[in-house]
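Please open the model in your viewer and keep the selection panel at hand. The tour below goes from one selection to the next and says what is found at each stop.

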Amino acid sequence: MPQLQQIDTFLSQAFWLVIAFVVLFLVLRMTAIPKIQATLEARREKIEGDLDKAQMFRQESEQVLAEYEAAIAEGRDKAQSAIRNASEEAKAKAAVEHEQLAKRLAEDIRVAEDRIASARNEAIGNIRDVAADVVQTMAERLVGAKINKISSAAAVDSVAEQKGTVS
């Protein structure tokens, strides 16, 4: 068996293996491990820095959100106040216009009533004149005598006063 023939060289191979391992370990420890550690440290610092920045940005965004919500609330309050003011102004303006319209309508009603009273008085005066003419004409036909206009008007007035229709 060839494996058993190498027992003489086993010890020297083990020695050189240990030497190679120690040299490789020292080379790695002197060159590669510090670079790897520096890379890992830089990466850890970058991650921590990024986490700190993220925390800072989160706080800033929360502050901006709070300011935004406060601005929205303030805007909503101002809008409601403006709506209330506009509504009150519209109500006041409507009340003034309503009052002016009521005054104008009252004046129109008063003028119309005055015209009606004037027309009524004129109609009553015309009725009096027509009644006096009718009395004069009927007296001429019934009696055959001519009555003057003043006497017929006096007769109409006396009858109207008895009936209570003259104002």
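Is Glu62 buried, partly exposed or exposed? Glu62 counts as partly exposed, because its relative accessible area is 41%, where buried means under 20%, exposed over 50% and partly exposed in between, with a 1.4 Å probe and protein chains only. This is a predicted model, in which local features need pLDDT of at least 70 and side-chain atom pairs count only at pLDDT 80 or more, while totals for chains, interfaces and linings use all residues. Residues are numbered from 1 along each chain as its sequence is written, and side-chain values use heavy atoms, with hydrogens and water left out.

The structure holds eight salt bridges. Another of them joins Arg44 and Glu48, with the closest N and O atoms 2.7 Å apart; these two are four residues apart in helix α2 and therefore separated by about one helical turn. Next, select Glu99 and Lys103, whose side chains meet in a salt bridge at 3.5 Å, N to O, and which both lie in helix α2, four residues apart. Glu99 is partly exposed at 46%, whereas Lys103 is exposed at 54%. Returning to Arg44, select Glu41 and Glu48 with it, since salt bridges that share partners join Glu41, Arg44 and Glu48 into one network.

Now move to Phe15 and Trp16. The count of aromatic pairs comes to one, and Phe15 and Trp16 form it, edge-to-face, at 5.3 Å centre to centre and 75 degrees between the planes; rings of Phe, Tyr and Trp (its six-membered ring) pair if their centres lie within 6.5 Å, with planes under 30 degrees apart counted as stacked, over 60 as edge-to-face and the rest as tilted.

Finally, select Gln136, which is found in helix α2 and is buried, with a relative accessible area of 16%. Not counting residues up to four places away in sequence, Gln136 touches Ile147, Asn148, Lys149 and Ser152, contact meaning heavy atoms within 4.5 Å.

Note on methods: A salt bridge is a side-chain nitrogen of Lys or Arg within 4 Å of a carboxyl oxygen of Asp or Glu.
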